[in-house]
Amino acid sequence: MLLSDVLEAHGYDFLEYSHASIKRRIIRLYALDNFVSFAEFRYTVRTDKQYFKRFLEEITVNVTEMFRDPNFYKALRNDVLPVLGTYPFIRIWVAGCSTGEEAYSLAIVLKELNLFHKSLIYATDINPSVLEKAKQGIFPLNYLKGYSENYVKSGGIQDFSSYYTANYSHAKFDGTLSEKMIFSTHNLVSDHSFNEFQLIMCRNVLIYFDKDLQHKVFQLFDNSLEKLGYLALGSKESLDFWERSKAYKRVKTEKIWRKL
């Protein structure tokens, strides 16, 4: 009932998200904020816009890191982006971008391949708050050691620290990296295709959706991907059981498929 309220009052559709996963996050938030009753919690979520912002932040999963799964980025660097480099212009969609680590990782690889100047990265998420953080390009300094190690393993060719300025407890990434990024809210469940892309990255988002919703999102991506474009998923996600999976060919060992 709460999720129906959210859809009706705020237009966010979580009804087909993985039931166990979203129930766990709702119960955690309810306990965390010490509501007297679930009825009070439900009423607050429905009527208080400020609290709904918090609800959205807690319910949507924002776990990410730069150059996550380095072998994936190595495959992008060696097998995917050089092919797209033969195109006059490269449009990339990072769907479910969270706080932006993947978009910045991608921008760095594009720079190192000398493709940045003719690329555009559309970074979208359902949650406006995390998009604000993504636009700033500021990440906790204590994460940077892990990010740097990932970068080296992914085939990075520069000194990673040349891409950011450290300041007390945070690192701010070079502003030029976001010059080719467009950040905007987009709901994979209810919003439509908004462009034609050569590469779509949606990694570790679909694991929170049930099978029907996953297939609906695959259809959205299919509509948004031009012929011979690439679709990249997370390590635990697959196209295999989708009805149109035969129209895609797997690229080597990573979770990357090419539309035939």
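Select Tyr147 to begin. Its relative accessibility is 4%, so Tyr147 counts as buried. Here buried means under 20% relative accessible area, exposed means over 50%, and partly exposed lies in between (1.4 Å probe, protein chains only).

Tyr143 itself has 42% relative accessibility, so Tyr143 is partly exposed. For the terms: rings of Phe, Tyr and Trp (its six-membered ring) pair if their centres lie within 6.5 Å; planes under 30 degrees apart are stacked, over 60 edge-to-face, and the rest tilted.

A note on the model before moving on. It is predicted, so local features need pLDDT of at least 70 and side-chain atom pairs count only at pLDDT 80 or more, while totals for chains, interfaces and linings use all residues. Residues are numbered from 1 along each chain as its sequence is written, and side-chain values use heavy atoms, with hydrogens and water left out.

Now widen the view to the aromatic rings. The whole structure holds 30 aromatic pairs. One of them joins Phe139 to Tyr147: centres 6.5 Å apart, planes at 80 degrees, so edge-to-face. Phe139 is buried, at 3% relative accessibility.

Select the cluster next. Ring pairs link Phe67, Phe72, Tyr73, Tyr104, Phe139, Tyr143, Tyr147, Tyr151, Phe160, Tyr163, Tyr164 and Phe173.

Stay on Phe72 and show Arg203. The charged end of Arg203 sits over the ring of Phe72, 3.8 Å from its centre. "Over a ring" requires NZ of Lys or CZ of Arg within 6 Å of the ring centre and within 35 degrees of the ring normal.

Go to helix H3, residues 38-47. Phe41, Thr44 and Val45 are buried there. Look down the axis of H3: the buried residues fall within an arc of 100 degrees, so they line one face of the helix. That arc is taken from the directions from the helix axis to the C-beta atoms. On the face turned away from the buried side, find the exposed residues Ala39 and Tyr43. Helices (H or I, at least four residues) and strands (E, at least two) are DSSP runs, numbered from the N terminus.

Two backbone stops remain. Select Asn114, in the loop between helix H6 (101-112) and strand S2 (119-125). Asn114 has a positive phi of about 60 degrees although it is not a glycine. Its relative accessible area is 58%, so Asn114 is exposed.

Finish at Leu228, in strand S8 (residues 225-233). Leu228 is not a glycine either, yet has a positive phi of about 70 degrees. With a relative accessible area of 38%, Leu228 is partly exposed.
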